[in-house]
Amino acid sequence: MAKRIDVGELTAYYGSHRAIDGITLHVEPESVTAFIGPSGCGKSTFLRTLNRMHEVTPGGRVEGKVMLDNEDLYGPGVDPVSVRRTVGMVFQRPNPFPTMSIYDNVAAGLKLNGIKYRKSELDDIVEKNLRAANLWNEVKDRLNRPGSGLSGGQQQRLCIARATAVEPEVLLMDEPCSALDPISTLAIEDLIDKLKTRYTIVIVTHNMQQAARVSDRTAFFNLAAIGEPGKLIEVDATEKIFSNPSVQATEDYISGRFG
Ligand SMILES: Nc1ncnc2c1ncn2[C@@H]1O[C@H](COP(=O)(O)OP(=O)(O)O)[C@@H](O)[C@H]1O
Ligand SMILES: [Mg+2]
């Protein structure tokens, strides 16, 4: 079940460096929200606060709230590992486990769950998620070959299948197409469009056409100067952001008058 994300006054630090400041944002379930903004404004940092990956970086800490429906992800007693299972992540560079087969890559997260699956159950889960990732037909005859033998676009779809196999409620994607060719990029965009019927999706992209193509809502982040923390400038329907944003800085950014 896709869930709603409510972020309240979220500030994130690396040691004493404040990377993002006071972000309040609602993310709707079963929709795609794009994060755009100049390099260094904290898009990746903010994304990683949404599944408690930020605190894995030495010195990484947050203030504020992230609610997933009614659960406070930073509440006392919440296990960050289970948060990361509920809120899955896909990275900029496809990162399949290189020595693992295609099959084992998809099954990898399930094995960590500690549940014992029958072979036939695992087979079904692997097939279902590879089909959902639009990859099944390309790999069904070589499931036991290493994931690293696939093309970049196929590897990224494999990583998406691996992320969905553990049945998350939210999928975070940090520039998932930036290392891919245009055809693979379109394949991933089609896939995102299909996945949003089941997941809450947040995608960071530096490509504004991509944000306009895939997202329902767009959030624009900016920083006052290098070294200053990034802030959320505005969030609205994607159509509105790209046609008639409320804030001049957004207009400047989307029309290329920035920097
Ligand atoms: N691992 C890190 N350690 C220290 N500072 C970091 C680290 N990662 C990012 N930062 C800093 O946090 C700020 C935001 O970076 P980032 O979230 O990567 O921005 P974006 O994804 O928008 O380009 C930048 O000032 C960056 O230098
Ligand atoms: Mg980034």
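Predicted model: local features only at pLDDT ≥ 70, side-chain atom pairs only at ≥ 80, totals over all residues.
Let me begin with the pocket, which holds about 550 Å³ of space and is lined by 18 residues, with Arg84, Met89, Gly109, Leu112 and Arg162 lying nearest its centre. Two or more lining residues come from each of helix H2 (80-86), strand S6 (87-90), helix H3 (102-112) and helix H6 (152-165). Sorted by class, the lining consists of eleven nonpolar, four polar and three charged residues.

Turning now to the charged pairs, the count of salt bridges comes to 15, and I will go through three of them.

In one of these, Glu28 pairs with Arg4, with the closest N and O atoms 3.1 Å apart. Because Glu28 sits in the loop between strand S2 (17-27) and strand S3 (32-36), while Arg4 belongs to the segment before strand S1 (5-14), the pair ties together parts that are 24 residues apart in sequence. Glu28 is partly exposed at 35% relative accessible area, and Arg4 is likewise partly exposed, at 28%. Both residues also belong, together with Asp6, to a network of salt bridges.

Next, Glu189 and Arg213 meet through their side chains at 2.6 Å, N to O, and this pair links helix H7 (residues 182-195) with helix H8 (residues 208-214), the two residues being 24 apart. Here Glu189 is buried, with a relative accessible area of 6%, whereas Arg213, at 45%, is partly exposed.

Finally, Asp216 and Lys196 form a salt bridge at 3.0 Å, N to O, joining the loop between H8 and strand S9 (217-223) to the loop between H7 and strand S8 (200-204).

Note on methods
Residues numbered from 1 in each chain as written. Chains lettered and ligands numbered in written order. Heavy atoms only, no water. 1 Å grid on protein atoms, 1.4 Å probe; cavity = no way out; pocket = protein on both sides within 12 Å on 5 of 7 lines; lining within 4 Å. Points joined across faces, edges and corners; volume = space filled by probe spheres on them. Helix = DSSP H or I, 4+ residues; strand = E, 2+ residues; numbered from the N terminus. Nonpolar A, V, L, I, M, F, W, Y, C, P; charged D, E, K, R; others polar. Salt bridge = Lys/Arg side-chain N within 4 Å of Asp/Glu carboxyl O. Buried < 20%, exposed > 50% of the residue type's maximum accessible area, 1.4 Å probe, protein only.
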